[in-house]
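Welcome! Here are a few exercises to work through with the structure in view. Take them one step at a time.

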Amino acid sequence: MRHGKKINHLGRTASHRNAMLSNMASSLIVHKRIETTVAKAKALRKFVEPLLTKAKSDTTHSRRTVFATLQNKESIKELFDSVAGKIANRPGGYTRIIKMSDSRLGDNAEMCIIELVDYNETLLEAKTAGEAKTTTRRSRSKKKADTAAPAATTAAPAAVVSEEAAAATDAPTETLKEGETRDEKSEEAAS
């Protein structure tokens, strides 16, 4: 039984494993993304995320504790100067593991890319473009277009133009109170 065996030893002694994870963490911080096996990436994620959380508070103590783990001045400088500023508002989950379709030729190991989430420009651009495109469309204009299309067979281009104009000027609907009409509501808004 494997009760309580959380650590993946990766076929290495403890000192070799810690040195390897420290070097991989330094490379990840400096280069923002690295290619490795899935097992090493999962071990690296558990190793580096507490360091990234520690880097959010830029104190001498936190710098020394992170340096004791990484032993690399360049990666410490990069971590506390640029990376910590970008991840300041993120509550954990600083890394992303993307599995690759092909495996390593020598031993058929599953390969992946591990990257810092806030540094993938293509996904960030797609996310901001997706947020910009999301506008609320009313389903009423689609229903009108569907019902009007079979009826208007001869004047189809004119009907399409008028429906597009109506959709462009379509205002959001407002809830009416009991006994109130739309004309009364528009008069109140006009005055």
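**Exercise 1.** How many bridges join S1 to strand S3?

*Solution.* This is a predicted model, in which local features need pLDDT of at least 70, side-chain atom pairs count only at pLDDT 80 or more, and totals for chains, interfaces and linings use all residues. Residues are numbered from 1 along each chain as its sequence is written, and side-chain values use heavy atoms, with hydrogens and water left out.

Start with the terms: strands (E, at least two residues) and helices (H or I, at least four) are DSSP runs numbered from the N terminus, and two strands pair if DSSP finds at least two bridges between them. Now the count: S1 and S3 (residues 110-116) run antiparallel and are joined by five bridges. As an example, Arg 33 has Glu 115 in S3 as its bridge partner.

**Exercise 2.** Find the order of the three strands in the open sheet.

*Solution.* The order is S1-S3-S2, with antiparallel pairing. Strands S1 (33-37) and S2 (95-103) are the edges, each pairing on one side only.

**Exercise 3.** At roughly what angle do the axes of H1 and H2 cross?

*Solution.* Axes are lines fitted to C-alpha atoms, for helices over the stretch in contact, and angles run from 0 to 180 degrees between N-to-C directions. The axes of H1 and H2 cross at roughly 80 degrees and come within 10 Å. H1 and H2 are therefore roughly perpendicular to each other (65 to 115 degrees). Next, look at the contact (heavy atoms within 4.5 Å): among its residues are Leu 28 of H1 and Phe 47 of H2.

Note on methods: Parallel < 35°, antiparallel > 145°, perpendicular 65-115°, else oblique.
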